Amino acid sequence: MDAHCHLHEYGDDEVESIMNLSMYIIAVSDNYNSSIRTVEISKRYRLVIPAVGLHPWNVGPDYKSEIAGVERLLSENDMVRILGEVGLDRKFRPHTTQYQDAVFRGFIEMARERGLALNIHAANAWIDVLNALYRNDIPLAILHWYTGPADLVKDIADRGYYITANPALAVQQRYRDVVKVAPLDIMLVESDAPYNYRGFVFHPREISATFRYIAELKGMSFDEVRKSIMENSYKFLRTLRIL
Ligand SMILES: [Zn+2]
């Protein structure tokens, strides 16, 4: 399973070819309009698990109408079980903190009321995000591209949350340090496609390479890593009653 992919950014033909990879894809959205497209794609492909939301990079003064749109989509499509990509970003968007806080509070509230999971972005905001999840007893969350403090990983595991690994592991030292110590049973893999990281455009086909990076970091075999992460993926989907 690709646990975090912006499938809405691809045209229909490319979506079709990605679906030929035959894996579950948690398709996150960036705003109301992309959430509509994500839901629409998920109606065509059984393996697409839609997530709707408002990315912290897209949070601005118009956030109320964006959130209202997302909430309407949730009410109209009860198969949507995940909010994402949502969260806080103190690193790349520090100037919209005030709006972001209000938006994230809104999504936490929605998750609690509707029993949804969250697919979270939290650049330089890991502690704030985790505190908000803990305070509100959110049972299920994916911490996408977790590069927060390595000593919080045990806490995250105790809460039953997941962290993801992606192809940036090949080059991002901070990420490698976290993944190296993270328990394998809280790990999922993601592409974050089609994000461009240091000139490298992510694609869901890189999931397999990501297993290899994890295996190398942890001194385990590729098959061992792949098997464990597949089990984690099924567990996540069962917890959400998607399977
Ligand atoms: Zn993303």
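**Helix packing and local backbone features**

Helices H3 and H4 are roughly parallel to each other in this predicted model. The two pack at an angle of about 15°, and angles under 35 degrees count as roughly parallel. Their axes lie 11 Å apart, and the crossing of H3 and H4 is right-handed. From H3, the contact draws on Tyr63, Ile67, Glu71 and Leu74. These residues meet Tyr99, Ala102, Val103, Gly106, Met110 and Arg114 in H4. By class, the contact of H3 with H4 comprises seven nonpolar residues, one polar residue and two charged residues.

Arg114, one of the H4 residues in this contact, belongs to the helix that spans residues 97-114. Arg114 is partly exposed, because 14 other C-beta atoms lie within 10 Å, a count between the limits of 12 or fewer for exposed and 20 or more for buried. The C-alpha atom of Arg114 is separated by 9.7 Å from that of Ser75, although the two residues are 39 positions apart along the chain.

H3 (residues 63-76) also packs with H2 (residues 32-44). The angle between H2 and H3 is about 15°, and their axes are 9 Å apart; H2 is therefore roughly parallel to H3. H2 passes H3 in a right-handed crossing. Tyr32, Ser35, Ile36 and Val39 of H2 are in contact with Glu66, Gly69, Val70 and Leu73 of H3. Five nonpolar, two polar and one charged residues make up the contact of H2 with H3.

These helices belong to a protein with nine helices and 10 strands. For 243 residues, a compact globule would have a radius of gyration near 18 Å, and the value of 17 Å for the protein agrees with this. Along the principal axes, the C-alpha atoms fill a box of roughly 50 × 40 × 35 Å. Of the 243 residues, 44% count as buried. Among contacts with a separation of 6 or more, 64% are accounted for by residues 24 or more positions apart.

Local backbone geometry was examined next. Most residues other than glycine have a negative phi, and most peptide bonds are trans. A cis peptide bond joins Gly84 and Glu85, with omega about 10°; Glu85 lies in strand E4 (residues 82-87). The peptide bond from Ala193 to Pro194 is likewise cis, with omega near -5°. Pro194 is placed in the loop between strand E8 (187-189) and strand E9 (196-197).

Positive phi values occur at Ser22, where phi is near 55°, and at Trp145, where phi is about 55°. Trp145, by contrast, is buried, with 23 other C-beta atoms within 10 Å.

Trp145 is found in the loop between E6 and H6. The loop that joins strand E6 (141-143) to helix H6 (153-159) also holds Gly148. Gly148 is buried because 21 other C-beta atoms lie within 10 Å, and a count of 20 or more defines a buried residue.

Definitions and conventions. Residues are numbered from 1 along each chain as its sequence is written. This is a predicted model: local features need pLDDT of at least 70, side-chain atom pairs count only at pLDDT 80 or more; totals for chains, interfaces and linings use all residues. Axes are lines fitted to C-alpha atoms, for helices over the stretch in contact, and angles run from 0 to 180 degrees between N-to-C directions. Helices (H or I, at least four residues) and strands (E, at least two) are DSSP runs, numbered from the N terminus. Angles under 35 degrees count as roughly parallel, over 145 as roughly antiparallel, 65 to 115 as roughly perpendicular and the rest as oblique. A crossing is left-handed if the near helix is turned anticlockwise from the far one by less than a right angle, and right-handed if clockwise. Two residues are in contact if their C-beta atoms, placed from the backbone, lie within 7 Å. Ala, Val, Leu, Ile, Met, Phe, Trp, Tyr, Cys and Pro count as nonpolar, Asp, Glu, Lys and Arg as charged, and the others, Gly among them, as polar. The radius of gyration is taken over C-alpha atoms; the globule rule is 2.2 Å times the number of residues to the power 0.38.
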